[in-house]
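Subject: Structure for you to look at

Hello,

Here is the structure I promised to pass on. Please open it first, then read my notes below.

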Amino acid sequence: MFARHIQQSLAFANIVRLMGVATVVALFGTGMCGFLGYYKFKSAVEAAARSRMSVPAASVRAGAEAALSLGVPLAGETRALLQRERSADPEIVEIAIIDAAGRTLLRTDAGRAAPPPGEVDEVHLPMRNSFDQPLGDVVVRYAATSARGALARMRERLAVIVAAGWIGTSLLAAAGIALVARRGPAPR
Amino acid sequence: MSAARTEPQRLQSRLVATILAAVMLGMLGVTWATQHALQDLLRPELQRKAGVVGGSVGELVGKALDHGLELPELAGVAAHLDAVRREHPELAWIALRDDAGAVLFSSGRDDGTRGVAVPVVHLGRPVGAVETQVSDAWIRHILLEAALDLGVVFVVAIFLTRELLHTFVGAGAAASTGTADGAPVLARLRLPLFLFMLAEESTRAFLPGFAKALAPAGSALSPDLLAALPIVAFMLVVALGQPVLATWSERAGARRILLRGALLGVAGSAGAALAAHVGTFIAWRGLCGLGYGMVFVAGQGLVLQHTTAAGRTRGFALFVGAIMAAAVCGPPIGGMLAEHLGPRAGFGLAAAFAAAAWLAARGLPADGSHASPAPPAPAPRDYARVFAQGRFLWVTALAAVPAKLVLAGSVFYLVPLYVAAAGASPSVAGRAMMLYAVALVLVLPRATHWVERGVPLARMVGAGLCVSALGGFALLAGDGVLPVYLVTALLGLGQGLSIAAQSSLLSQVCAAEIAAHGSGPAFGAYRLLERLGNASGPVVAGAFAMLAGPSSAFVAMAALVLACGLSFLLLARRAAP
Amino acid sequence: MKRRDVLALALPGAAAQAIAATAAPAARAMPAPWRIFAVTYRGRTDVERGFADYFAARALPVEITWRDIALDPARLPAVVDEIRRARPHLVHTWGTGVTLGVAGRWDAPDDGRHVRDLPVVFSLVASPVGAGIVPDVHAPGRPVTGVSHVASLAVQLQTMASYRPFRAVGMLHSPNEPNSAAVLKELQALGRQRGIAVLARPFHVNAGGQPIPAGAPELVRQLRSDGAEWLYMPPDSFLSTQARDIVVPAALALGLPAFASTEQLMSAGALLGLVSRYYNVGQFAAYKAERILAGKVPADRIPVETLTRFSLQIDLGVARRLGVLPPLEMFNYAELIGDAGKASLP
């Protein structure tokens, strides 16, 4: 029986094994805490960035829907609207209006240096005409540099937190095990 | 658990408790520190957004001013600010101030923290400002949402600790004492078995959803049915491969088969992770099933080889224990991983666990001579005699098969699909499946105790079946995620009652056949039918889901099981010895 | 003969075909263009522009024959004859008068003077049921359908309440116009549902039953003293003629804000109006026409509908005079006419 084995061999080797188990479980527990905390943070930060970008997207959408419902060609006032909204936020790379088939109808000029392709996120806001048929989308492409910076900083901090937590927990568990083992069953 | 706990058992509990107490403190500490980091790093991002929102309110106000209105006489401002706060719940306060700084209109409560102020400009001059404040309480709530997940992690840690303790300390201790009752092999078997089962269980929470997503858009079969096929393929391979694999394992050596099975599990999971089409995915899952069958059969073979008849029960208890521990730990971990990193990462993790199982299995002793001679292969005639036995059919068809049907159909197949359809993440499905396993683990010892005490077996089996059905009816009450937890919890409870009594009942019912031909034919046929029930579960549930949606499918499955349970009890009067 | 027909088809459709060829090469394999007869009341308005643009934007080959009656209903029979001879795939009509002239009432017998067997899509009919064009907007029952430019009464009431919540609304109507009677009935039903009092006064009538303008300001005063907080102006023909000079000024003087259900009434000086952009009406009509022409839905099963989005028009000058300024939210999407500056007050 397992319990009898414990009683019979509370040798040093076994205590080391116990501490090993404690270390593994501690890594699992603190690691999962860090993992979950990071992803909660990530979704909050990304949601904030997306939400921030949907403000200019909404005003471009209002303008574009109005122009399309008048049958006015999109170039002109709408283009000016696009440029204005883009310059309002330095993180916006491009604002475009695409039709229901995905073709680009209008887009801002390439005034800004394009960031590397992996770092551009998009917000799509669908447009509908006045009898609720889809017209296309307003697309805001942005480089969420501040969000990415925050994520990187969080990763650094979490690495430290989890490492410290793991070591601390392991030491605490080790101390506990040593205490319990010493106060172990009276020898027969 | 016996009434009097011995000193060593108390010591064991104390050690587990010590480790877990330390882990809990550690987790709380890490969470506390994470909360601080989150507050520091999230606040600036939220303030940027608050500034943009304030700016858009300011632009709207500017538009009104451009049309000749004046700031103090604006109408409906408070209502608009309320609407903005509803859309952006992290804002505690928005206010419109005039150029003297006085608050003209506001929404929410000013808690004195520094806000972001965006000026309102009219004809080139600033005439006021829109001020927004980010809510501290909202930021605090973010991590609170993770509290349930952290609780789940802790429960997993409990089972993980127990498993690891059993494995490492048991193995070491046994090696040092050198007892000859096969304990060292059994202990060394525990870890690879646990890890391999973990690999399988961790995919449960997201597998049907992944299969459904892979289904091509214009296929003839409904995506719900296609999502059932990977589970069916797996279960069928396990069911039909069993007899073949058993003989192969005996001939080639259980350790070898175990190792190869683990490798197949690695390959199958890796292939599943990379599958681009539902057909290939089903094929990879079939391969996983083959690996699972091999590991399972080889494991059983090892237990048989290295235990005498007396210790066999304990040996199989170890087997079941490892599987149950994996069933508790696997689904929630897989679910959480799939939620944040995607289902393919989940299959990658499963492959990693299977690889770890392979590594751990290498520590098993080489296949040598058998401790006990292999039993003679049963003849088909013996099987026929078993099937002809009316009471055998009574136990299998009305109790064992429906139990597996509802397990595979409702838990493995419907829960993830329903959860996904309700818009929740795979973590929720993982939690529900964990609840099933925890309920089962908690009930099983008590139920076994009742069986030993002499509670009528048929009554236990029937009652267990009926209880397990009750959960499904919870979905009649309402939608949402909460009923699913009830489904799985009651299922675990009922199945615990039922399983504890079933094999004993079967031994009783087929006593004559077992006496004549050994337990091979009876239990072999029983397990085969059980596994076929496993394979049919998703198909039946899938058909219900396709016709009436996942909610109704739960209810239909529950009704089916309830009907079987009631019929079982009714027939018990006639059939029970 | 065949060659001449082909040429006749080719010439008007060439432009459409050219667009089709560049934008959608597969369209070259499509059958001959759809032939549409479009009958207009006062020449080409934004409705027609929206109608034609819909097909052009989708590169759908259509051949539209335009016939204008230039405000003279007497020209309609000749157009109807031409349509019956030419047998186009579909007919588009502008307004209630033209539609009745081309398609006739739904309950009238077939007297050979209307188009009964070709699908007809109309635009700008204020009340299709009241005018007798279809028995039911949801199930026209005959191959006549189209787009009404007046928003549903529920939407109109909602708009009024968003501007300024109210418990009682007043309405002036002509007793001889079935449309207005129908609107009044619906308004009363909605009022009962929402706990809003509906105060209605008919115009005074002469010996022949025709409404007369005399006494109208007194009617408005009575509505006001009965507690009306808004004056609702339905799409009533007589009201439309009296709104600018008599009804709206009377209401303004009493501080009673007026709501316009059509663009015409809005321009009479109402505070608030929900109007349909003609361009969108034409596009919606073309959308329905496309579904009929492409054989997707038979014309008698396409319901008569309104747009889902309207143009909210607010007259800021009126708002300033009444002292009822629009809520901030509306500056987002309303079309603002005039200026609310205090300097603009008389």
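How many helices and strands does the secondary structure of chain A come to? The count is 4 helices and 4 strands. (Helices are DSSP runs of H or I with at least four residues, strands are runs of E with at least two, and both are numbered from the N terminus.)

Before the rest, some ground rules. This is a predicted model, where local features need pLDDT of at least 70 and side-chain atom pairs count only at pLDDT 80 or more, while totals for chains, interfaces and linings use all residues. Residues are numbered from 1 along each chain as its sequence is written, and chains are lettered from A and ligands numbered from 1 in the order in which they are written.

Chain A

Along the sequence, the pattern is α-α-α-β-β-β-β-α. Chain A has 188 residues, and 37% of them are buried. (Buried means that 20 or more other C-beta atoms, placed from the backbone, lie within 10 Å of the residue's own; exposed means 12 or fewer, and partly exposed is in between.) Now take the contacts in chain A with a separation of 6 or more: 68% of them join residues 24 or more positions apart. (Two residues are in contact if their C-beta atoms, placed from the backbone, lie within 7 Å.)

Chain B

The domain assignment gives domain 1 (150-372) and domain 2 (375-577). Such bounds come from an automatic or database domain assignment. The C-alpha centres of the two domains of chain B are 21 Å apart. Their contact takes 31 residues from domain 1 and 29 residues from domain 2. On the domain 1 side, H4 (147-177), H6 (207-214), H7 (223-252) and H10 (312-341) of chain B each supply at least two residues. H7(B) gives the most, with 11 residues. That side divides into 22 nonpolar, 5 polar and 4 charged residues. (Nonpolar covers Ala, Val, Leu, Ile, Met, Phe, Trp, Tyr, Cys and Pro; charged covers Asp, Glu, Lys and Arg; the others, Gly among them, are polar.)

Chain C

Chain C is split into domain 1 (2-149 + 277-306) and domain 2 (153-275 + 311-344). Here the C-alpha centres lie 33 Å apart. Each domain of chain C puts 6 residues into the contact. The domain 1 side has 3 nonpolar, 2 polar and 1 charged.

Chain C also touches chain A: 13 residues of chain C meet 9 residues of chain A. H2 (46-57) and H10 (278-293) of chain C each supply at least two residues of the chain C side. H10(C) gives the most, with 5 residues.

Best wishes
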